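Subject: Model handover

Dear colleague,

Please find the structure below, followed by notes on what was found in it.

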Amino acid sequence: MELFFQQLLNGLTTGSVYSLVALGLTLVFGILHVPNFAHGAFYMVGAYVTLTVMTALGVHYWVAIGISVLVIAVLSVITERLIFSKLGTADPLSLMIAAIGILFFLESFAQYLWGTEYQRMFTPYGDTINLFGLTVTFQRVLIIIAAVVLMLLLHLFLTRTMTGAAIVAMSQNRDGAFLVGINANKVAMLTFAIAGGFAAAAASLAAPINLVFPSMGNLVIMKAFVIIIIGGMGSIPGAILGGYILGIAESMGATYISADYKDIIAFVLLVIILTIKPTGIFAKGVH
């Protein structure tokens with residue numbers, strides 16, 4: 001049982017990171033209605049910005065995360081204004097190709113600027129603690145707490161503010177949002193900023209227990225796509241639940257089956273969910 005609860009905690013840690021990435025991805029999907037592959041690049045650059053700010057400027061870990069969130073939010077808005085907004089309602093394939101192009105560009109830029117070698121990020125929360133009889137690093141507990149706080153803040157923003165309501169309306173029914181006078185450009189910019197900030201926060205929280213390298217966002221973004229399909233395309237609750245389901249499934253599978261097949265579990269889950277409920281766990285009623 002001790003091993004079970006240890007892996008459950010590890011699964012919650014991984015699931016928290018997956019959920020944060022999937023939340024940003026599903027918000028953007030609600031606006032563009034196409035998979036934004038560039039989201040994985042924002043995740044990767046976010047980790048590098050945090051690492052660089054910490055090592056070059058010597059600032060505290062939390063300050064570095066805050067700077068990274070702002071930088072990636074601005075970068076996300078710039079890509080939306082310069083690329084996605086110019087394409088407008090073009091063929092979805094064109095938007096997808098543009099997103100993949102951004103991914104390749106940022107990955108190559110990261111290799112040029114930071115190199116191709118793996119780097120480790122220092123955290124002031126690397127000490128181990130005893131939690132209900134389990135020995136874990138405080139960083140893992142911190143990831144879970146920070147993810148829950150960010151999710152609650154996003155929920156409050158989307159449900160308690162007019163701007164948040166505009167984002168929800170835009171994602172549910174684009175034409176209807178236009179008819180009631182919602183400014184599509186402002187909504188798109190804000191949505192990309194939030195998505196980029198969440199990606200940077202997720203990467204910065206996860207990097208100390210993993211490694212930082214140029215292609216670190218590729219596998220994460222593929223799993224994020226699996227998560228939003230499992231949870232229901234464009235569904236925020238689905239993105240959160242799907243992230244935790246996948247994180248726990250991977251942790252348990254690596255322990256009780258084999259660590260060699262950990263990354264395949266996501267796609268096995270995808271097949272199972274789509275076989276049982278093709279629309280995902282939380283199907284959206286309006287498109």
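A pocket here is an open set of points on a 1 Å grid over the protein atoms alone, where a 1.4 Å probe fits, with protein on both sides within 12 Å along at least five of seven lines; lining residues have an atom within 4 Å of a point. The model is predicted, with pLDDT of at least 70 needed for local features and 80 or more for side-chain atom pairs, while totals for linings use all residues. Residues are numbered from 1 along each chain, and side-chain values use heavy atoms, without hydrogens and water.

The largest pocket holds about 580 Å³, a volume being the space filled by probe spheres set on the points. It is lined by 25 residues, and Thr-14, Tyr-18, Asn-210, Lys-223 and Lys-262 are the closest to its centre. Helices are DSSP runs (H or I, at least four residues) numbered from the N terminus. α1 (2-32), α5 (138-160), α9 (216-231) and α10 (236-256) each give two or more residues to this lining, and α1 gives the most, with six.

The second largest pocket has about 360 Å³. Of its 18 lining residues, His-155, Leu-158, Val-168, Ile-236 and Pro-237 are the closest to the centre. The largest share of this lining, six residues, comes from α5.

Elsewhere, the axes of α2 (residues 38-57) and α3 (residues 61-87) come within 8 Å and cross at roughly 140°; axes are lines fitted to C-alpha atoms over the stretch in contact, and angles run from 0 to 180 degrees between N-to-C directions.

Regards
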